[in-house]
Amino acid sequence: FDLFDTTQDRWVWRRYLTNNPVREELAQVLDKLVEQATSRRYQSAAEVLQDLQPTQPLAAAIAVSLPPTPAVQMTLPLALAKPAPKPSFTLSKRPPAATKPKPPAPRSSLVPVPSPKKPATRAKSLSWQCVQRLSGLGKVQAIALTPDGKLLAGMSGNAIHLWEVPSGQPLRKLVGHFDMVQTIALSPKGSLLASGSFDKTIRLWHLPTGQRLGVLTLHTDTVLAIAFSPDGKLAASSSLHDVIRLWEVETGQEKMTLAGHTGRVDSLAFSADGKILLSGSADTTLKLWDLNTQSEIRTLSGHTQLVSAAVLSPDGKTIASSSWDGTIKLWSWSTRKEKRSLTGHIGRVGTCTFSPDSKILISGGDTVKLWNARSGKEIETLVGHTNLVTAISLSADGQTLVTGSWDGTIAIWQLTDRETV
């Protein structure tokens, strides 16, 4: 058997240790010792020992590093070893002598001693670190992370792959589409997955078992986007040359259609109350739809090229949109007006999403960028992908971030502490 899988560009030796499991800490050390890229390997034996020995109190660390002190035995002379004889007389107690108070030191002799300087304290800040990279997938167009951050779904060709997070261990493959998968979406609870394909169908899967639940033939062309309502009872989907369709998840029956865009619709999102649908299109606009009246509320204009993503912040106050024109725009939900435009990516921006607390906006283009959603200030840039980043998914606790790219890789990132002076 082979311990290295060339299709995934990673070591897979753990698969063959079913009867002799290795602790996860040791397994991570072994993986890092045989990393393909030398820059990601250990640079010294001290680093290996540090990871092998968990952090311990300072006193314990010192006790381990110092050799034990040999016991010293002392033999006393015989005369000293015998107890001293008791005296034949008694001592009477003398009253304590009166002590004279010491004169105060003259003022001129008092020299102020400067207090020692405290060492510079190190403040801890959070930073994202890539902990796993999945490769050999072809152009990655869509990914989805379960709310608990433990399971990742991603498309590769005409199949959907499932991996364990953060280890990246493959779990199963969902096969059924006859052409390339273009989009995937998870239900709010994370148990149901919907996939849309170039084969014009939507397929529903039970994620825990991988069982296919149904096939929907609602569209006449490639399915580009799917979104679930907050209660998971309704879903919306769009196609290359078709209207937006809304349908019941349980029955697959179509409930309504929304027409108004003059180009393909690449992005869909529901409001928190499920009453409004947001869409982003290749006609460079975003539209808000009232699902009760099945009519358009407002068109948001400002982009000059295809809108690749349109999302609502979890707190319901802001709309964010990314575009192939190289910008990310923030819009007020209450006024439906543009608040600011963010620039910093080189070339197209392929996707964007909010953090669970709505404070951070994450965008994908030539790199992955994190922005302060209120001020628009750039916070951090994550590098590693070599082509357009088209998909971003974040766990519900905001601690795990997954990015997918046209470079054929999926990167798993986690928040880590970083000390700064």
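Analyst: In strand β14, L246 is the bridge partner of A236, and this pair belongs to the 4 bridges that join β13 to β14 (residues 244–248) in an antiparallel arrangement; two strands are taken as paired if DSSP finds at least two bridges between them, and strands themselves are DSSP runs of E with at least two residues, numbered from the N terminus. This is a predicted model, in which local features need pLDDT of at least 70 and side-chain atom pairs count only at pLDDT 80 or more, while totals for chains, interfaces and linings use all residues. Residues are numbered from 1 along each chain as its sequence is written, and side-chain values use heavy atoms, with hydrogens and water left out.

The hairpin of β12 and β13 has 5 residues between the strands, and in it G232 takes a positive phi near 75 degrees.

As for burial (under 20% relative accessible area, with a 1.4 Å probe and protein chains only), 6 of the 6 residues of β13 (residues 234–239) are buried. In a regular strand the side chains alternate between the two faces of the sheet. Both faces of β13 are covered, with L234, A236 and S238 buried on one side and A235, S237 and S239 buried on the other.

How values were computed:
Buried means under 20% relative accessible area, exposed over 50%, partly exposed in between (1.4 Å probe, protein chains only).
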